Each structure stands twice: as structure tokens, then as C-alpha cells.
Amino acid sequence: MTQREQDLARQLEECLEALKESRRENELLRQKIDLLIRRVFGSSSERLDKAQLELLLQLSEGTTATPKETSPPVAAPSKPSSRSNKPRLPENLPVVEEVIEPEPVKQKPEEWRCIGEEVSEQLDYEPARFLRRRTIRKKYVHRLDLNRAPLIAPLPERLLDRSLPAPGLLAQILVAKFCDHLPLYRQEQIFLQRHQVHLPRQTLARWVELAAGWLKPIYGQIRTGVLAGGYVQVDETPIEYLEPGNGKTRQGYFWTVNRPGGESFFDWQTSRAAVCLESIIPMNFAGVLQCDAYSAYQSFANGRGKDIELAGCWAHVRRKFHDALEQSPRVAGWLLRQIQNLYRIEANLREYRAGPTLRQALRASQSRLIVDRFQRALVRLKGTGRYLPQSLLGQAIDYALSQWPALDVFLREGWVEIGRVRMWRGEFRLGLSVIRHFRPAVPHEPYRASVSTSCSSNRTCSFTASGSHLKPSSLRFRQVNLTAGKLYEAKFPIEKLVRILAIPCASLLPSSH
């Protein structure tokens with residue numbers, strides 16, 4: 001082979017390698033674009049029902065063989081069906097009675113004798129109204145002792161001396177702003193247009209700050225109770241806030257601390273660094289802190305030594321594989337099926353209100369087998385090298401394996417939850433929350449997340465490094481996805497989100513919210 005031929009062969013190899021690298025990069029970019037389009041325009045729910053998973057598992061993604069491992073049976077004790085006869089209307093509502101007499105009885109009541117009555121009820125509503133609560137304190141002087149000073153009753157205690165708002169008005173403003181999500185400028189318009197009472201927005205903002213200051217002791221009690229149990233769930237949510245002189249919004253963070261089955265509180269910080277956790281979690285706290293894989297939690301736990309043990313969140317793991325569902329529908333669908341089985345067991349435990357001892361026993365006998373099989377599948381997929389580390393499925397596998405010690409905590413501790421999905425969905429009752437330092441420009445919205453706990457028997461499979469799979473942009477994939485989406489929408493309606501109450505305090509900024 002001449003020198004010219006050798007140069008041409010080398011150039012051809014370089015071109016083929018560059019083409020292969022370009023195709024790999026295009027595939028990764030296509031996956032990112034598809035994921036971005038789904039997050040912007042697609043459904044935010046991650047729930048997958050039985051029919052949708054069956055469609056995904058039936059897609060051809062390469063030569064597969066059924067392993068010898070079998071899925072453990074999931075115990076579902078039978079529960080007797082009980083129909084609760086709830087009253088149509090709440091019994092604690094006040095009753096306004098209206099008695100209607102026939103006209104002949106009104107004219108000659110002495111000729112008629114009542115033998116019974118028929119009662120019908122309607123649900124009525126009295127619109128809110130303003131009133132002027134006038135406190136009159138009369139002055140008295142002694143009739144005999146004329147030198148004694150005049151006597152007058154002391155003024156009842158108020159939130160602020162010589163303040164205009166009564167407690168009822170302050171409660172209405174707080175509930176409308178933080179529970180009904182009515183900004184102060186809208187409340188100003190409602191008061192003026194419907195009640196002809198003009199309360200400027202700046203005045204309403206000062207009243208909110210006043211009420212928040214009085215509620216600080218309650219916040220302190222809630223915070224102490226949440227941290228006293230030795231097990232909390234922590235998450236941070238980015239929220240834009242206003243700062244005077246900046247000219248634009250900045251990004252801060254709501255740090256949410258929740259005790260499963262108990263109360264929750266929020267703490268406002270301008271960053272998400274590990275130092276923020278030092279001010280949120282006290283030094284005397286020792287126990288389990290459930291969180292995601294954000295590095296600040298690991299740094300915080302390392303700084304506290306052995307006092308804090310980090311527990312992982314399976315909802316985060318599920319989200320990673322859900323994002324990779326279009327890239328590898330068969331593999332990701334099988335992995336999602338295993339996570340569904342875990343959440344099905346947890347749903348049964350919650351339904352029958354199992355205690356920590358029973359939960360630990362059932363998890364050891366049922367969930368442990370699923371988790372071990374799940375880990376072996378991840379290790380095998382990682383070893384094949386079929387999925388690039390930059391791909392969605394590769395990132396999901398690396399995420400799960402890197403968090404495995406933390407993901408295994410819930411199997412050893414019966415009082416630790418499998419994840420924080422209830423926390424994201426706002427399914428906990430929040431008594432009170434106080435935001436420190438700044439007021440956010442928009443009301444806090446909890447994340448939407450859901451995990452289906454209904455599934456059929458497990459289907460196991462193994463994975464190989466060869467074979468083809470459907471591309472996210474292919475017509476066949478779009479047809480299958482559309483069919484599965486219709487089945488999902490027909491079975492699962494959109495769930496309503498529970499709003500989270502957060503009462504700001506300290507240096508509230510006057511704005512339109």
C-alpha cells in the first residue's frame with residue numbers, strides 16, 4: 001500500500017469516527033429536546049397504569065430472555081367494604097328556620113289543628129360584609145367621693161395600639177392571600193368595588209407583616225415539634241423574589257421541612273448552599289434526613305458526623321427512568337414496573353395503618369426481593385455499556401446506583417417512608433409557615449408528582465447489548481405513545497393539588513402580590 005493510500009485510509013477512519021461521534025451527539029441532543037418538549041407541552045403527571053406499561057413492555061427493543069428470577073407475591077389482604085352514610089350537609093352549620101303557614105290557617109287559626117310538618121332544606125350562603133366594630137367605654141365619677149379620679153374600663157388588647165384592623169379582617173386577608181391565592185392588589189379591588197371600602201395595597205402589606213409577627217411563636221412551636229421526632233424530609237424549591245434597588249427579580253429558595261404524619265414548616269433562604277441547612281436543622285438534631293441527591297445534603301451530613309443519616313427518595317429515581325421511557329420503552333418500562341410494585345406494597349401498608357414493626361417485616365419479606373432484583377438489573381445494564389452515560393437512561397442508572405446506600409434505608413427502618421412524593425403533592429396539612437427575610441414575588445406552588453400503586457403481576461426480562469429500539473421521532477413510537485396516552489387519560493383524571501399555606505413575615509416588600 002502506497003503512502004497515498006495509507007493517508008486516504010487514515011482520513012477515512014477519522015471521518016467515520018467523526019461521523020459516529022456526530023450521530024451519538026445528535027442522538028443525545030434529540031433526547032434532550034424530546035424531554036424538554038414533554039416537560040413544556042406534555043402532561044406533568046408521571047403516573048403509568050397497567051395498560052400503558054403492557055404496551056411499553058411489548059415493544060421490541062432487542063433480543064431478550066426471561067431470567068429464572070420470579071417476582072415475589074405482593075400480599076393484598078382483603079378489606080371488607082363499608083359504605084359510610086355521611087350526611088348530605090354538615091351538622092355543624094347554623095340553621096335558619098322559616099315557617100310557612102297556609103293562608104286559610106292564617107285567616108282562621110282556631111279552626112285548624114296541626115298534625116305534623118314537612119321539612120325541606122337548602123344550602124344558602126351569606127356574602128362577606130364589612131362592619132364598624134365600635135367599642136364604647138363609659139366614664140364614671142363617684143357620687144360621694146368627688147375627689148376620686150374618673151373611672152373607665154381598660155381598652156381590650158389589640159395587635160397594635162390605635163390600629164384600624166380587627167382580628168377578623170386580618171384573618172380574612174391572610175386566608176385570601178395564602179389559601180385562596182388572591183394577591184393584595186386584587187383584594188384591594190374587591191374591597192373597593194363590592195364593599196366601597198378603600199384599603200390601599202401598602203396598608204394591606206403592613207397588616208400582613210403585623211399579623212406574621214404575632215404568629216411567630218406558633219411557628220416556633222411547629223418547628224420544634226417537626227424537628228423533635230428524629231426523622232424529617234427536606235426539599236428546596238426555587239422561587240423568584242423582589243429586592244429593592246435591584247431592578248429585577250432574583251432567585252431564592254423555599255426550604256421545606258416535613259415530618260411524615262405530622263406538621264411542616266418553611267424557611268426562606270437566598271441560596272441552596274449547605275450553610276443554609278445549618279440554620280434550618282439545629283445542632284441537637286440527630287436522626288434520619290430524607291432528601292434527593294443534591295450535594296449540599298451530603299456535605300451537611302458529613303459536617304455533622306454520625307448524627308445524621310441520609311435516606312434516599314425512590315420518587316426521584318422513578319422520575320429519572322420516566323424521563324428515559326421514550327428512549328428505551330422496554331427497559332425503562334420494566335424498571336418502572338418494579339418501582340410500581342414497591343409503591344403498591346407501601347400503599348397497602350398505609351391503607352391498613354401498619355406500624356413501624358409490621359412495615360419493616362413486610363418490607364424485608366417482599367420489598368427486599370424487588371429491590372435486590374432492581375439493583376442486579378442496574379448493575380447488569382451498567383456493565384453492558386449499551387447506554388451512554390450522557391443518555392437519559394444512562395443518567396438514570398448512574399443516579400440510582402450512586403444513591404443506593406441511601407435508597408436502602410427505608411428497608412432497614414420501618415418508620416422511614418419510601419419517598420417524598422406526598423410532600424411534593426402537598427398532601428400534608430400545614431398548620432403555619434413563616435418566610436424569613438424576603439417575600440416571594442409569586443405564591444409557592446408544590447411540585448406535581450404521583451406514583452401509581454396499581455399493577456398486575458411482574459414481568460421479568462433480561463437485557464442485551466445488541467438489537468434495535470424505536471426512536472422517539474418514529475411514527476410507530478408516536479402511535480404507541482398516543483394509544484397509551486388515551487388509555488391513561490380515560491382511567492386517571494387530573495388530580496387537584498392541595499395549596500400550601502405560607503405566611504410571610506419580616507421586611508415584607510410592597511408589591512402587587
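Two strands are taken to pair if DSSP finds at least two bridges between them, and helices (H or I, at least four residues) and strands (E, at least two) are DSSP runs numbered from the N terminus. This is a predicted model, in which local features need pLDDT of at least 70 and side-chain atom pairs count only at pLDDT 80 or more, while totals for chains, interfaces and linings use all residues. Residues are numbered from 1 along each chain as its sequence is written, and side-chain values use heavy atoms, with hydrogens and water left out.

The sheet is open and has 5 strands in the order β5-β4-β3-β6-β7, with mixed pairing. Because β5 (264-269) and β7 (308-311) stand at the edges with a single partner strand each, one side of each is left without a neighbour in the sheet. Direction ignored, neighbouring strands of this sheet are turned by 30° against each other on average. Strands of a sheet pair through backbone hydrogen bonds, either parallel or antiparallel. For β4 (residues 250-258) and β5 the sense is antiparallel, over 6 bridges, and T256 has F266 in β5 as its bridge partner.

Helix α7 (residues 216-227) lies across β3 (231-241), β4 and β5, and runs at about 110° to β5. Helix α9 (residues 295-304) packs on the sheet as well, touching β3, β4, β6 (287-290) and β7, and its direction makes about 155° with that of β7.

Elsewhere, helix α4 (residues 167-178) and helix α6 (residues 201-214) pack at an angle of about 100°, with their axes 10 Å apart. The two are therefore roughly perpendicular to each other, given that angles under 35 degrees count as roughly parallel, over 145 as roughly antiparallel, 65 to 115 as roughly perpendicular and the rest as oblique. On the α4 side the contact is made by L169, L170, I173, L174 and F178, and on the α6 side by L204, W207, V208 and A211.

A nonpolar core is a set of buried Ala, Val, Leu, Ile, Met, Phe, Trp, Tyr and Cys residues joined through side-chain atoms within 4.5 Å, and buried means under 20% relative accessible area, exposed over 50%, partly exposed in between (1.4 Å probe, protein chains only). The largest such core has 41 residues, and those with the most contacts inside it are W314, V317, F321, L335, F374 and L378. Helix α11 (329-351) is among the helices that each supply at least two residues of this core, and α11 gives the most, with 10 residues. Leaving aside neighbours within four places in sequence, L335 is in contact with F321, F374, A377, L378 and L381. A second, separate core of 22 residues includes V232, W255, C276 and L289.

By contrast, R353, found in the loop between α11 and α12, is exposed, with a relative accessible area of 77%, and R353 has a positive phi of about 55° although it is not a glycine.

Terms used: Axes are lines fitted to C-alpha atoms, for helices over the stretch in contact, and angles run from 0 to 180 degrees between N-to-C directions. Contact means heavy atoms within 4.5 Å.
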